[in-house]
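Open the structure in your viewer and keep the selection tool ready. We will go stop by stop: select, look, move on.

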Amino acid sequence: MAKVKKNYNDVLSILIILLIMLAPPISIEAFGNQQIYKYLNLEYIVIYFFFFYIFKYFRALPLFIFGVIVDSLVGNFLGISSIAFLILYKIAIYQNTIQVRSIFISEWLAFGLAILVVYIIELAMFYFTNIKTDMQAFAYNFIGSFLSYPIFWVILKYFFLRLERFGNDKDE
Amino acid sequence: MKAERPASDKNIRFLFLCFVCLVLTYFDYSNISYVKKTKSAINDGAVYVSYWIVRPFKIIASLPQTFNEIRLLKKNFEADEKLKNIISQLQLENEFLKKDLQKFFSIEEQEKNYSRPSLLAKVLFNRKSILSNSLLIDKGSLDNVKIGYPVIKNNNLIGQISEVNLKSSRVILLKDLNSRIPVLIGEKLFTAIMIGDSNVPGGVKFEFLPKVYEFQDQDKIYTSEIEGVMPKGIYVGKLIKQTNNSYLIEFDYGFNNLDYVSVLIEN
């Protein structure tokens, strides 16, 4: 009987997203300030990455729960972050299914498009719930997240490919 | 082996979760009392779960700081001897300070009101994003904390309570976009509203100033009691005058690395 390969990448990806959501207080302790979070949305980057490369056990329900936790911690109305995460998830999966060739530039642009859509939806929800927003901060955050995607792409891709290779070597 | 769900099932699941999100947002926005209680419980759960997940990482991250503190303590101990000599010099300067204190007689009344009982609270979570600049503390409605109560650190106002759960509360910091604090500025006690704005140096600005006003360098800022939002006379910070029309608001206490804060509660 063929042995079923265990793949811990999905569990690891969930842990990474959870830690990134809870990272600000850790970074305060280590580095003393959180200016980086003004210019970067790490959550969107990793969620997009993991769904674009379809981590199959990682589904919509954990994202919904993560979104509720983020809203609780940030002080938003419950559901706003969840819907942003879910839409990002759906766009990432859709973009993965329609891609013909794997070219990084096209993936990068697709990421930009995906987070732009998510930001627009988020801003619309803030507008309808009368939450005051700083458009300039959103613009900086969008640009920062877009420009830093290649860096995190290289780190995550390298890390997870190494893990997969290690798993395959062990099975041989 | 677990069978893969068909695409239509996934779509229905996705749409259902989106619908649940919208319903949640609507209920939360509509501020219904029983929804508020549920939200309080969700908030408490999320805060405490996050606190315990983050705690080991925080301890590891703070190790270098702890070693630094031990080194500093050792240095401080050695410096204590030197300080004894300096104390005698300070006693002479004390005379000067007494004169300086007379400047603040005009806000004596405010200072008296400041003597409210306080509640020591532990900072559970310090989460900042482009939308919020807030803290979560371990005191809630069960500890008689209410919305609007001022939160201080070393006698400096750092923010006020914006949301109260059962065993936790949210403190909106002065630099938050939604922070509105009525203040009195300088010896002439000009009234204004201090508003958080991340786009200005210092992170806060004044609005609703009188038509004619003039600030001096190092003018002190205290809370005022406009609309009974905040008790009078809590020290907020000072003004650093830069040019004729521009000024910088400087806080004597940083907003990072807050471990414990005090909530001023009513008598």
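Select Asn130(A). It sits in the loop between α6 and α7 of chain A. Remember as you look that this is a predicted model. Is Asn130(A) buried or exposed? Count the C-beta atoms around it: 8 others lie within 10 Å, so Asn130(A) is exposed. Now check its backbone. Phi of Asn130(A) is near 60 degrees, a positive value, and the residue is not a glycine. Most residues other than glycine have a negative phi.

Select Leu189(B), in the loop between β6 (180–185) and β7 (190–196) of chain B. Leu189(B) has 13 C-beta neighbours inside 10 Å, so it counts as partly exposed.

Stay in chain B and select Pro117(B). You will find it in the loop between α4 (108–113) and β1 (118–128) of chain B. Pro117(B) counts as exposed because it has 11 C-beta neighbours inside 10 Å.

Look at its contacts with a separation of 6 or more: 56% of them join residues 24 or more positions apart.

Go back to chain A and color it by pLDDT. The chain averages 78, and 76% of the residues score at least 70. Which elements of chain A have the lowest and highest mean pLDDT? The lowest is α2(A), at 62, and the highest is helix α6 (residues 104–128), at 88. Where pLDDT is low, the predicted coordinates should not be read in detail.

Next, select helix α5 of chain A, residues 80–98. Several residues of α5(A) are buried, among them Ile80(A), Ile83(A), Phe85(A), Leu88(A) and Ile91(A).

The crossing of α3(A) and α5(A) is right-handed. Zoom in on the side chains. From α3(A) come Tyr44(A), Ile47(A), Tyr48(A), Phe51(A) and Phe52(A). They meet residues of α5(A) including Phe85(A), Leu88(A), Tyr89(A) and Gln95(A). This contact holds ten nonpolar residues, two polar and no charged.

Last stop: show both chains and select where they touch. How many residues does each chain bring to the contact? Chain A brings 39 residues and chain B brings 41. On the chain A side, α2 (23–31), α4 (60–74), α5 and α7 (135–171) each supply at least two residues. The largest share, seven residues, comes from α4(A). Color that side of chain A by residue type: 22 are nonpolar, twelve are polar and five are charged.

Notes
Residues are numbered from 1 along each chain as its sequence is written. Chains are lettered from A and ligands numbered from 1 in the order in which they are written. This is a predicted model: local features need pLDDT of at least 70, side-chain atom pairs count only at pLDDT 80 or more; totals for chains, interfaces and linings use all residues. Helices (H or I, at least four residues) and strands (E, at least two) are DSSP runs, numbered from the N terminus. The expected span of a helix is 1.5 Å times one less than its number of residues. A residue is buried if 20 or more other C-beta atoms lie within 10 Å of its own, exposed if 12 or fewer, and partly exposed in between; C-beta atoms are placed from the backbone. Two residues are in contact if their C-beta atoms, placed from the backbone, lie within 7 Å. Ala, Val, Leu, Ile, Met, Phe, Trp, Tyr, Cys and Pro count as nonpolar, Asp, Glu, Lys and Arg as charged, and the others, Gly among them, as polar. A crossing is left-handed if the near helix is turned anticlockwise from the far one by less than a right angle, and right-handed if clockwise. pLDDT is the predictor's confidence in each residue, from 0 to 100.
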